[in-house]
Amino acid sequence: MVSGRRAPRGDEDAAPYFESANTSPTICMMVDQGTKLVWTGHKDGKIRSWKMDQNFSDGTPFKEGFSWQAHRGPVLSMAISFYGDIWSGSEGGIIRLWPWESIEKSLSLSPEERRMSALLVERSVVDLRAQVTVNGVCNISSSDVKYLLSDHVRAKIWAVGSQSFSLWNARTRELIKVFNIEGQIENRVEMPSSQEQVVEDEMNVKFVSKSKKDKSQGFLQRSRNAIMGAADAVRRVAKGAGAFVEDTKKTEAILIATDGIIWTGCSNGLLIQWDGNGNRLLDLAHHPSAVQCFCTHGSRIWVGYLSGLIQVLDLEGNLIAGWVAHNEPVIRLVIGNGYVFSLATHGGIRGWNISSPAPIDNILRTELSERKDLYTRQENIRILIGTWNVGQGRATHNALMSWLGSAVSDVDIVVVGLQEVEMGAGFLAMSAAKETVGLEGSSVGQWWQDHIGKALDEGSAFERVGSRQLAALLIAIWVRKNLRTHVGDLDVGAVACGLGRAIGNKGGVSLRLRVFDRIMCFTNCHLAAHLEAVNRRNADFDHIFRTMSFTRSSNFFNNANVGVNSSSNQPTRDKNASTDKPDEGRPDLAEADMVVFTGDFNYRLFGITYDEARDLVSQRSFDWLREKDQLRNEMKAGKVFQGMREALIRFPPTYKFEKGKPGLGGYDSGEKKRIPAWCDRVLYRDNRTAPTKECSLECPVIASIVQYEACMDVTESDHKPVRCKLNLDIAHVDKSVRRQEFGTILQTNETIRSNLEALRFVPETNVSTNKISLQNQDTFNLKITNKSGEETVFYHILCEGQSTIKEEEAAPDYRPRGSLGFPRWLEVTPAAGMIKPDQVADISVHHEEFHKLEEFVEGIPQSWWSEDTRDKELILLVIVRGSCSTDLKTHRVNVRHCFSGSSLRIDSSTNASRRSQEGSTHNRPSNIR
């Protein structure tokens, strides 16, 4: 929901859209078929309605119907019950119910009476949490109500928190059961909980030695112990205060399948099946990433994951197929027009035929591949890579302009890596502790980003996209504004290589992002120091390369750009679809189209003296010096940076200088006289497997070096900053053209057309009657027969509308309830399910008076004048489809309730007994014979 004029997104040709007027952020949404409204829940606590059939005018934001203040906090979840009531959930375990009768009355009021309609709904609220709270003790959890699910099979409502559930009777609005994620029944006593007192002494870590024994350990050992002790203390304090406690088993999604079984998905990838009474039936694990969403159609269930993966399962939980749908988390899945559509966090929507994987997928892949020249595009961009060990110093604006600002006139992306931004035992210890609880960054790091941004004319020419800091290491990226729409999906990672592989004075920080749908990784490193530590440097690189990980696996990023379905992905029947990575041993960095490593690698010159090196530098004899370069020799031996390339070095060694001393005379002349070295480097790897490879969809990123130099005039550090300019050719797909080609193939390929036509088939079914007449408390057994000997049928029953029979012979005025729900006087069970070949489903259609006992005197309701005393008539819609049908068939059944005052006397004890037994039947519907 946004305000103002419609902004172009680039996909208007595929999916024209209209935008609403500005509102508070939308958190949840549901479609109401009965009222033809879309209901939205918002951060400001309001529920708003939007007409589906209003006239949308181009460029004019459409407006809400009516709204009301539902909660003080945000509306986190909503559901429409079996009887048309709206249920909403908020923070603190708040569940509220908005009766259909008040909503119907409000919808009938004119726009001028909108305030009155809001008040009418607000005053009708049923606070269910308050209803089950007695003497300050509440029977349900106080955790946020993340999801609400309406079980239309059994007329129940599931309220879902992160680790608890409450089950409600949608008709009586009574609490049936409270249970946890393990399926264990809970008898809650919710009392305010106070956090445990954090022991202040944990923070009082002193970096001093207290005995001669401590002093004898040596400076390095004492420093290591102090740093690790401080980090552990901060970590214990943070966890003791309850901050950032990680819980890997939270409910993240819920669904009711077509056979009536409830499915939930967890943050650890676990799928759980429940029966209609909240009994845990089965656990399934097909993928370790967090489950984000579900959808179902016929005999299939689709699961969307945080990793961008989609899996298809059958109703028993067996894995049919899996494929990479997006390079971002899949947050919504819906079925429409024979397709399953997925929505990712970046806003991308993709679609697959509901029969996939199927023969039409192979046909589409072949046909689209033959037309790739029509939709292949090639782009050219330039990237500036900068690296500088700043030695805990600060740079002047002139220094930053000399290094970066003067080189960006023809550059589209700028990536900057800094080392030794901030050092010191206390800072490193605090950073290590913060990393363990999900925090990173520092004020000094922010200073550097802000001042580099000024040198790049941030805000006008460039936009800062992201950054990652690991103690002393910092990497940040800026993108030119006219390229920004083609850059996204930023992800970050960090690997420490310092003391105990835990401290960030050494290590690597990485950024990964998508540029024209190609994945690029940039890593800033600071490897082990000292001339003799070559093997440690090699080991540091290997550790960083192999263990650098991002939120989502690079396999998902890369695979999301291949394939040929309408979404550019190909569903596959693959036993490996259930694994986290198709190639478990392959690091994330290895999967990118382009990888850049930059930083202070600390490789030195060997077999040469300080004076010899100084002489050769002054003579600019770099060819001879390069023969003494440790990094060059290690790369030739295949021991480090395997498969990567570097431009020919034509600048003086960048280490070590005396701060503030310009020119080549600034090399270290102190007591240690460190030999000059090319510590600061930039290496890269693109898609080429051979030098002659040309840019294409098979080899989409080709890079070449335009500039590689050091800024010798900058004197603020003992290192000189280095910059490298890369020219990139990028091949990518024009999605708009490919969509057009995809549509052409669907329309012209006869094999595909015949396959799609076959999906419209609905097995033949028969309903035992089209007219039912009920007296008070009557029950009629409606039979649905599946006449197919091979196909399973899935059915669900709705109420098209109810009419009150008037004395005059007027045509019935059927009025639907919310979500085509049922009036409270009618029970239809089960209202959905499946019927196997040649079997019959028995549906109970029962009249049930709905009066509270206090409304009766001697068994007679006191409101004889009310509409309930008149005959009523409604139409049941029995909707049937096959296992994978894109079409459906509808049977209409007329149900009439004939009111009889003499038969209205009730046995209140019998009625109470009937209600108490609700929830004890209908697990997986067993009404088939």
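Begin by selecting R484, which counts as partly exposed because its relative accessible area is 25% (buried means under 20% relative accessible area, exposed over 50%, partly exposed in between, with a 1.4 Å probe and protein chains only). The model is predicted, so local features need pLDDT of at least 70 and side-chain atom pairs count only at pLDDT 80 or more, while totals for chains, interfaces and linings use all residues. Residues are numbered from 1 along each chain as its sequence is written, and side-chain values use heavy atoms, with hydrogens and water left out.

**First stop: R484 and strand β28**

R484 forms a salt bridge with E463, with 3.3 Å between the closest N and O atoms (a salt bridge is a side-chain nitrogen of Lys or Arg within 4 Å of a carboxyl oxygen of Asp or Glu). The pair links distant parts of the chain, 21 residues apart: R484 is in the loop between β29 (473-480) and β30 (487-496), and E463 is in strand β28 (helices, H or I of at least four residues, and strands, E of at least two, are DSSP runs numbered from the N terminus). E463 is partly exposed, at 30% relative accessibility.

Next, select R468 and E440, whose side chains meet in a salt bridge with an N to O distance of 3.8 Å. R468 lies in strand β28 (residues 462-470) and E440 in the loop between α9 (425-436) and α10 (443-455), so this pair ties together parts 28 residues apart in sequence. R468 counts as buried at 10% relative accessibility, whereas E440 is partly exposed at 38%.

**Second stop: other salt bridges**

Select D734 and R377. Their side chains meet in a salt bridge of 3.5 Å, N to O. D734 lies in the loop between β36 (722-733) and α16 (735-748), and R377 in strand β26 (residues 376-389), so the pair ties together parts that are 357 residues apart in sequence. Both count as partly exposed, D734 at 23% relative accessibility and R377 at 30%.

Then display D85, E101, R173, R817 and R824, which are linked in a network of salt bridges. A search of the whole structure finds 44 salt bridges.

Which residues touch the most other members of the largest nonpolar core? Select F522 and L728: they do so in this core of 49 residues (a nonpolar core is a set of buried Ala, Val, Leu, Ile, Met, Phe, Trp, Tyr and Cys residues joined through side-chain atoms within 4.5 Å). Strand β36 gives the most to this core, with five residues. Leaving aside neighbours within four places in sequence, L728 is in contact with residues including I381, I383, M520, M594 and V701 (contact means heavy atoms within 4.5 Å). A second, separate core has 44 residues, among them I95, W168, V845 and V895. In soluble globular proteins, nonpolar side chains tend to be buried together.

Move to V714, in the loop between β35 (701-710) and β36. V714 is buried, with a relative accessible area of 2%. Not counting residues up to four places away in sequence, V714 touches W388, A399, S402, K720 and P721. Select P662 as well: V714 and P662 are 52 residues apart in sequence, and their C-alpha atoms are 7.6 Å apart in space.

How many disulfides does the structure hold? The structure holds zero disulfides (a disulfide is a pair of cysteine sulfur atoms within 2.5 Å). For C295, the nearest cysteine sulfur is that of C293, 7.6 Å away; C295 counts as buried at 6% relative accessibility. The sulfur of C525 is 7.7 Å from the closest cysteine sulfur, in C497, which is too far for a bond. C525 is buried, at 0% relative accessibility.

**Last stop: the surface and the whole chain**

Select V334, F341 and I349, which make a nonpolar surface patch of about 280 Å² (patches are made of residues with over 30% relative accessible area and no salt bridge, like charges being joined within 9 Å and nonpolar side chains, Val, Leu, Ile, Met, Phe, Trp and Tyr, within 5 Å). I349 is in strand β25 (residues 349-353) and counts as exposed at 61% relative accessibility.

The chain exposes about 40800 Å², of which carbon and sulfur atoms supply 48% (accessible areas come from the Shrake-Rupley method with a 1.4 Å probe; for residues, only the protein chains shown count as cover).
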